[in-house]
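Me: Please take a close look at one part of this model, the nonpolar patch on its surface, and describe what surrounds it.

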Amino acid sequence: MAGLNVSLSFFLATIALCQATRRAAKALLPAGACVSLALEVAGAAQLGACCLELRVLAELGPWAGGFGPDLLLTLLFLLFLAHGATFDGAAANPTWSLQELLLAEASLPGTLLKLAAQALGMQAAGALTRLFWAWELSELHVLQNLMAEHCSSALRTTVAHGALLEGAGAFLLHLALLRLRHSRPACRAPAVALLVTSMAYAAGPFTSAFFNPTLAASVTFHCSGHTLLEYAQVYWLGPLIGMVLAVLLYHGRLPRLFQRKLLYSQKNKYRTPKGKLAPGPEDTQIPAEGRRGQEPGRRRAGQQPPGSP
């Protein structure tokens with residue numbers, strides 16, 4: 001239980017430090033791109049540090065601390081609730097930034113800067129977490145330092161299966177984010193946290209359920225067991241394809257590349273009025289009295305025309 005308390009203290013301290021960084025950036029930096037990049041760095045650092053510490057609990061906790069999967073999933077849900085409440089619009093995920101580019105909501109230079117900021121934040125998270133582990137405040141951290149040079153790969157299935165799981169998870173996550181992007185944060189954060197927790201329960205034993213290329217590169221790419229190309233296929237290509245498919249399904253097109261819808265037919269802006277046809281030249285010559293009755297050419301059978309014997 002002492003190890004769990006140390007980890008909980010680390011989570012709270014990390015979130016508080018990153019939140020202080022956000023407030024300092026808003027107060028000291030000029031509004032605009034500089035603040036946005038600072039928020040990306042802080043968000044990525046918060047996400048990466050919490051993920052690294054949670055991975056220690058997931059790998060060493062069951063046999064060193066007696067932690068069950070219910071505790072780990074609860075912690076994951078609470079952490080994503082905290083992320084949703086504190087990220088302040090930051091993506092902290094390359095696929096989300098690339099999605100904004102595909103939706104024509106961000107420029108290419110701005111997107112590249114965000115990707116660089118996210119990578120910087122992940123590097124800062126790794127340095128911060130390793131510094132905390134070096135203090136060895138719990139037995140879990142002692143074991144982690146002993147096993148640091150021989151880390152195990154997060155990919156525990158075939159490359160094709162792993163890419164399918166990461167792509168499907170990214171597809172569902174981005175589809176939910178697109179649906180909830182204009183909703184209130186109080187509703188969006190619990191929904192996203194619940195979805196991430198559910199997908200982690202399903203895909204976690206196979207790929208650790210990152211759904212984030214930069215996070216996966218920071219956590220597991222340096223571990224032995226698979227080549228860099230295999231890692232890239234699972235943790236980079238899979239989520240990227242899932243994101244593109246989510247945008248295509250939700251919008252019917254890729255706004256940055258295509259103006260016409262590729263999946264859904266476009267509706268005509270102008271509707272044809274559903275009324276009676278306009279009277280022709282012959283109808284305009286019929287007097288009003290004749291129109292009130294029957295038309296001259298449509299008399300009943302046996303009816304004599306006027307003036308006939």
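Reply: Patches are made of residues with over 30% relative accessible area and no salt bridge, where like charges are joined within 9 Å and nonpolar side chains (Val, Leu, Ile, Met, Phe, Trp, Tyr) within 5 Å. A salt bridge is a side-chain nitrogen of Lys or Arg within 4 Å of a carboxyl oxygen of Asp or Glu. Accessible areas come from the Shrake-Rupley method with a 1.4 Å probe, and for residues only the protein chains shown count as cover. The model is predicted: local features need pLDDT of at least 70, side-chain atom pairs count only at pLDDT 80 or more, and totals for chains, interfaces and linings use all residues. Residues are numbered from 1 along each chain as its sequence is written, and side-chain values use heavy atoms, with hydrogens and water left out.

Leu131, Trp135 and Leu137 make a nonpolar surface patch of about 350 Å². Leu131 belongs to helix H5, residues 108-134 (helices are DSSP runs of H or I with at least four residues, strands runs of E with at least two, numbered from the N terminus). Leu131 is partly exposed because its relative accessibility is 48%, while Trp135, at 54%, counts as exposed (buried is under 20%, exposed over 50%, partly exposed in between, with a 1.4 Å probe and protein chains only).

Eight aromatic pairs are found in the whole structure. One of them is edge-to-face and joins Phe132 to Trp135, with 6.0 Å centre to centre and 65° between the planes (rings of Phe, Tyr and Trp, the latter by its six-membered ring, pair if their centres lie within 6.5 Å; planes under 30 degrees apart are stacked, over 60 edge-to-face, the rest tilted). Phe132 is buried, at 11% relative accessible area.
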